[in-house]
Amino acid sequence: MAENVKVKNAKKVEYDGIMFDSALEVFTYKQLKLLEIDFQYEGITYELIPSLVFQRMLGLWPNKSGIDKKTLRLRNKTQRKTYKPDFTFQWKNYFIVIEAKGQENDDYQSKKKLFLKLIEDGGVSDLFVYFLEPHNQTHVKECIEFIKNLE
C-alpha cells in the first residue's frame with residue numbers, strides 16, 4: 001500500500017478495481033453497496049475558488065511543485081481550489097454528500113467551509129443537501145441508518 005499524502009496517516013487501498021484514499025472509504029463504499037444505492041466515488045469536482053490571473057500585481061512565492069522547491073518564483077496567477085467529495089448520490093428527494101474523513105489534513109477545514117457555502121448558495125444541487133462526515137466505522141454505520149430513515 002502506498003502512503004497517501006492527501007489524507008493524513010492513511011494508506012491507499014484498492015478494492016473492486018477502485019483505488020481508495022483510505023480503508024474508511026472502502027468501508028463506506030461497502031456499506032453503500034449493501035444499500036444498493038447508485039452513487040459516485042469522487043465523481044464530481046466542485047470549483048471552490050477559480051484560478052486568479054493578476055492584472056495589477058505580481059507575486060513572489062515558493063514553487064510548491066517541480067524540481068527546485070527552494071527558489072522563489074515570480075507569479076502572475078494562482079491555481080484554483082477544488083473539492084471532490086468522496087461519495088455523492090441522490091436519495092429520495094435529497095442530495096447526499098459523504099466525506100469519509102479519518103484524520104484531516106491542513107487544507108480540509110478551509111475547503112469544507114467553502115464547500116458548505118457553495119451548498120448553501122445552491123451551487124451543488126437544487127435538492128436539499130445532507131453533508132455527512134463520518135470519521136470512523138461506527139459513524140459510517142450511523143450515517144447509513146440516517147440515510148435509510150430519510151422520508
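Guide: A strand here is a DSSP run of E of at least two residues, and strands are numbered from the N terminus. Please keep in mind that this is a predicted model.

Visitor: What makes β10 (77-78) count as a strand, and which strands supply the lining of the largest pocket?
Guide: A strand needs at least two residues, and β10 covers 77-78, so β10 meets that cut-off. Together with β8 (59-62) and β11, β10 is one of the strands that each supply at least two residues of the lining. In total the protein has three helices and 14 strands.

Visitor: How much space lies in the largest pocket, and which residues are the closest to its centre?
Guide: The largest pocket holds about 630 Å³ of space. Its lining is made up of 16 residues, and those closest to the centre are Trp-61, Lys-64, Thr-78, Gln-79 and Arg-80. By residue class, the lining divides into seven charged, six polar and three nonpolar residues.

Visitor: Why are the buried residues of α2 said to line one face of the helix?
Guide: Seen down the axis of α2, the buried residues fall within an arc of 65 degrees, and therefore they line one face. These residues are Tyr-108, Lys-112, Phe-115 and Ile-119. What covers the buried residues of α2 includes β6 (46-49), β11 (81-83), β13 (94-98) and β14 (128-132), whereas the face turned away from the buried side carries the exposed residues Lys-113 and Glu-120.

Visitor: Why is Leu-116 called partly exposed?
Guide: Buried means under 20% relative accessible area and exposed means over 50%. Leu-116, which lies in helix α2, has a relative accessible area of 35%, so Leu-116 falls in between and is called partly exposed.

Visitor: How far apart are Leu-116 and Lys-77 in sequence and in space?
Guide: Leu-116 and Lys-77 are 39 residues apart in sequence, and their C-alpha atoms are 26 Å apart in space.

Definitions and conventions:
Residues are numbered from 1 along each chain as its sequence is written. This is a predicted model: local features need pLDDT of at least 70, side-chain atom pairs count only at pLDDT 80 or more; totals for chains, interfaces and linings use all residues. Side-chain values use heavy atoms; hydrogens and water are left out. Buried means under 20% relative accessible area, exposed over 50%, partly exposed in between (1.4 Å probe, protein chains only). Helices (H or I, at least four residues) and strands (E, at least two) are DSSP runs, numbered from the N terminus. The arc is that of the directions from the helix axis to the C-beta atoms. Contact means heavy atoms within 4.5 Å. On a 1 Å grid over the protein atoms alone, a cavity is a set of points where a 1.4 Å probe fits but cannot get out, and a pocket is an open set with protein on both sides within 12 Å along at least five of seven lines; lining residues have an atom within 4 Å of a point. Grid points are joined across faces, edges and corners, and a volume is the space filled by probe spheres set on the points. Ala, Val, Leu, Ile, Met, Phe, Trp, Tyr, Cys and Pro count as nonpolar, Asp, Glu, Lys and Arg as charged, and the others, Gly among them, as polar.
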